[in-house]
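Please examine the sequence and structure shown below. The briefing that follows treats the strand pairings and then a pocket.

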Amino acid sequence: MKRISYSQYSQWDICPYRWKLMYIDKLGTWSDNIHTLFGTSMHEVLQTYLTIMYNDTAKMADALPLDEMLLTRMKKNFVEIMKRNGGEVFVEQAEMEEFYQHGLAILDWFKKKRNNYFMKKGYELVGIEVPIDFKMNDGVKFVGYIDVLIKDLRLDRYKIIDIKTSTMGWNKYQKADKNKTDQLLLYKHFYSLQNDIPLDKIDVEYFIVKRKLWEKADFPQKRVQKFVPANGKPSLNKVMSKVNRFISESFIDDQHNLEHTYIKQPSKKNCKYCEFANTEHCDAEI
């Protein structure tokens, strides 16, 4: 059975031909950088804090040595990435130190303001990295992991939270990018089906932590930005229509559809970070 994820769907939605090169032709390569290292490390520290807070006490969570935990996670993730890269250095020490200092500022702000974002009374932590593994048909299933899942015990509601690290938060264009925000809509849809929970009892939220703040700003700034994308039935229907088209075009039962013509969708935005742009594998002109 083929496994698809939001990442796969996202690549197809941007450019079906790029998806083909990556997942059928197996030509794609993945290279980690300081942003992925920092994002993974920050996820792990915040998730540990929330686990202790909800399963034990907020006092115990506040007593955690978050600074040391972040440093330990960044070092460990650096070593693991280096092993995968065959020892090739992918980030300089000065950049590691800069991102670590940003992380300290985030964690310090988060501890002071945590109660504005995560309350314990009346809430329950359902899980961290909660798996989604839903069989869509006889050949394809959707898989994913929810960063943080919380239940409001008073209202009998669930909240799916995805943690994002960002340089200075999401601007209006990033918030309007459906390809970017469809992730939580898919998680909401499939978690609902997998656990037989009505869609109208599930909320979603992007929890965005910012490394940097605007200098000389005339207004108080926050290290955390919350963003709730439109996630009602019309929005869910739109994204699921595209997912179903992705599956019908790209798979025949449990095999990739090798006969389908995967179209190229060149644009400055789509090709900017594409490893195949202007190579022997893709001659699309912008």
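Strands S3 and S4 form a hairpin with 4 residues between them, and Asp156 in its turn has a positive phi of about 55°; strands here are DSSP runs of E of at least two residues, numbered from the N terminus, and two strands pair if DSSP finds at least two bridges between them. This is a predicted model, in which local features need pLDDT of at least 70 and side-chain atom pairs count only at pLDDT 80 or more, whereas totals for chains, interfaces and linings use all residues. Residues are numbered from 1 along each chain as its sequence is written, and side-chain values use heavy atoms, with hydrogens and water left out.

**Pairings of S3**
- S3 and S4 run antiparallel and are joined by 5 bridges, with Arg157 in S4 as the bridge partner of Asp152.
- S2 (residues 123-135) runs antiparallel to S3 through 11 bridges, and Gly127 stands opposite Leu149 in S3.
- S2 and S3 also form a hairpin, with 4 residues between them.
- S1 (residues 2-4) runs parallel to S3, joined by 3 bridges, and Lys141 in S3 is the bridge partner of Arg3.

**Second largest pocket**
- The second largest pocket is lined by 16 residues, of which Tyr117, Tyr123, Ile150, Asp152 and Lys159 lie nearest its centre.
- S3 (140-152) and S4 (157-166) each supply at least two residues of this pocket's lining, and S4 gives the largest share, 4 residues.

Note on methods: 1 Å grid on protein atoms, 1.4 Å probe; cavity = no way out; pocket = protein on both sides within 12 Å on 5 of 7 lines; lining within 4 Å.
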